[in-house]
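Subject: Structure handover

Hi there,

Here is the structure I promised to pass on to you. Please open it next to this message, and then read on for what turned up.

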Amino acid sequence: MSDQKPRRPVPKPTPETQHFWDGCKNGELILQRCMDTGKAYFPPRPFSPYTGSRNVETFRASGKGILYSYVINHRAPANFILEPPFAIAVVELEEGPRMMTNIIDCEQTPEALELDMPVEVAFEHLTDDISLPVFRPTQS
Amino acid sequence: MKPGSVAVVGAAETTEMGKLPHVSNIMLHADAALNAMEDAGLKPSDIDGVATAREVPTEIAHYLGIQPRWVDGTSVGGCSFMVHVRHAVAALEAGLANNILITHGESGRSQVGMTPRAIGAGMLEGQFQLPYGVMNPPTMFTIPVLRYLKTYNIPIEKLANVAVVQREYAAMHPRAYMRDPITVDDVLNAKMIAYPFTLLMCCLVTDGGGALILSRADRAKDMKQKPVYILGVGEGAETTMISQMKDFTSSQAFRISGAEAFRTSGIKHSDVDHLMIYDAFAHLPLYGLEDLGFCGRGEAADFIWERNTAPGGNLPLNTNGGGLSYMHSGMYGMYALQESVRQMRGISPAQVDGAEISFCHGVGGMFAASGSVVFSNVAP
């Protein structure tokens, strides 16, 4: 097994998502906001999914959220960094949008993975260009 | 649409279903189509419209020797065939075709001659879901469920029970893949696939196919089979990314599609004698019963637990055993439609006595899309 290969599928940024991945590389979670409604949205696109307006801005999100839902996968994807069982989770960010993620620094059990528990973003280095946002339980 | 303007005049599944390494994907389409044409008393030269999903209708038409003047390749997942019915009703009413063939075939288990499917690294799914270890529907379609169970305080036993009740129907069907009775404990103790889902809460993976032929009702009267009328149709869509589903306890696609089918048919919930809800996983009948309005929010698990949908209940549901027990090649919607047609013809091995209206509801992708069809054996 090579240690050099990232053992996750590596996202390929598009012109409309590049800013998001640039943010991750710098350790920042970037969201966008519809300026007409004030509502944040995800995944990235240069217009508002609420109104169709192109009047939007990007901003740095707090990186805080809650564990919204998940499954614990018991089968092994090919050449994947996490050993089963591991959770495939959705977090709800403080700003409103939800995103898929993995939960790190936490036992992958129903007991440890409590719905609504606070989580915060961390970034996993995959390549020189791509760092992947993952989440860990917030240290209290 | 005008309720009853179009009828199913031919319906059939493939000659065999289950593990079929000796039949290719396209031949499953053709076998089902040939069986449906025989059922309808029609030949390829009588068919002038072709719809299919995943494969292109051009390929299916040519393979079967059909020269279509109407095609529909809408491919929005396993409910595509319900959506094809809706589109076919519009086309037949408008005179764009006379006899429309809708085919499904899928070598889901044996993978003989399948069209490859891949998610590109630059697609939204490739960027924002694939890196987290999602593999296939059991690792995605299931993600909203813990939120649903917590919201309505539903114990896992009541989710498992969905599979138990449907197995009772499968036991009546000679062609069902899994027919042995099971208990809630059997379901909960089965191999864990993606917590909280065990193997028995997930659909089968089998090979097979099915086909329907639709014609205008005025033509159907003189054809071989007693017509099964289309009273209403609906379709809906939400997102191909399960993480972006707006409400984890309810499907937008289900609500839109279901409401449209009720609106176009003009029927009430109490008129429905027989119900099919595409069950790729055990939670789908729960979301379906609630989003279609048969149950209040969070009440579907109890509704099934109290045996309202079981054999002899007042709302028989998934009477073929469903994708959990009957068959599931990957795009199960066609088999739900086939059971609705059998019920309306009065020939289901799990026949609901006196059933006159069947509501058939499908899901596509993972809560990505939906299609609904209301059938009746009585002309409106």
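What follows goes through the contact between the chains, then the helices, and then some local backbone features.

Please keep in mind that this is a predicted model.

**Where the chains meet**

Let me start with the interface. Chain A puts 30 residues in contact with 28 residues of chain B. On the chain A side, the elements giving two or more residues are strand E4 (64–73), strand E5 (86–93) and strand E6 (98–101). Which of them gives the most? That is E4(A), with 6 residues. Sorted by class, this side of chain A has 19 nonpolar, 7 polar and 4 charged residues.

**A one-sided helix in chain A**

Next comes helix H1 of chain A, which spans residues 18–25. Its buried residues are Phe20(A), Trp21(A), Gly23(A) and Cys24(A). Around the axis they cover an arc of only 155°, so they sit on the same side of H1(A). What do these buried residues pack against? Their partners are strand E1 (30–34), strand E7 (118–125) and strand E8 (131–137) of chain A. Just after H1(A) comes Gly27(A), where phi is positive at about 75°.

In one, helix H1 (residues 25–40) and helix H2 (residues 57–64) of chain B have axes that come within 10 Å and cross at roughly 60°. The pair H1(B) and H2(B) is therefore oblique, and the crossing is right-handed. From H1(B), the residues that meet the other helix are Ile26(B), His29(B), Ala30(B) and Ala33(B), and from H2(B) they are Ile60(B), Tyr63(B) and Leu64(B). By class, that contact has 6 nonpolar residues, 1 polar residue and no charged ones.

In the other, the partners are helix H9 (residues 252–265) and helix H10 (residues 284–291) of chain B, with axes that come within 9 Å and cross at roughly 50°. H9(B) and H10(B) are therefore oblique to each other as well, and their crossing is right-handed. H9(B) brings Phe254(B), Arg255(B) and Gly258(B) to the contact, while H10(B) brings Tyr287(B), Gly288(B) and Asp291(B). Here the residues divide into 2 nonpolar, 2 polar and 2 charged.

Is Met172(B) buried, exposed or partly exposed? With 16 other C-beta atoms within 10 Å, Met172(B) is partly exposed, because a residue counts as buried at 20 or more and as exposed at 12 or fewer. Leaving aside residues up to four places away in sequence, Met172(B) touches Pro349(B) and Ala350(B). The C-alpha atoms of Met172(B) and Pro349(B) are separated by 5.9 Å, although the two are 177 residues apart along the chain.

**Cis peptide bonds**

If you plan to look at the backbone torsions, here are two cis bonds to find. In chain A, the peptide bond from Pro84(A) to Pro85(A) is cis, with omega near -5°. Pro85(A) is in the loop between E4 and E5 of chain A. In chain B, the bond from Tyr195(B) to Pro196(B) is cis, with omega near 10°. Pro196(B) lies in the loop between strand E5 (192–195) and strand E6 (197–198) of chain B.

Asp105(A) is not a glycine, yet has a positive phi of about 55°. This residue lies in the loop between E6 and E7 of chain A. Asn318(B) also has a positive phi, near 55°, and is a residue other than glycine. The place of Asn318(B) is in the loop between helix H11 (300–305) and helix H12 (322–325) of chain B.

How do their surroundings look? Asp105(A) is exposed, with 11 other C-beta atoms within 10 Å, whereas Asn318(B) is buried, with 28.

Happy browsing, and do write back with any questions.

Best wishes

Key. Residues numbered from 1 in each chain as written. Chains lettered and ligands numbered in written order. Predicted model: local features only at pLDDT ≥ 70, side-chain atom pairs only at ≥ 80, totals over all residues. Axes fitted to C-alpha atoms, helices over the stretch in contact; angles between N-to-C directions. Helix = DSSP H or I, 4+ residues; strand = E, 2+ residues; numbered from the N terminus. Parallel < 35°, antiparallel > 145°, perpendicular 65-115°, else oblique. Left-handed = near helix turned anticlockwise from the far one by under 90°. Contact = placed C-beta atoms within 7 Å. Nonpolar A, V, L, I, M, F, W, Y, C, P; charged D, E, K, R; others polar. Arc of directions from axis to C-beta.
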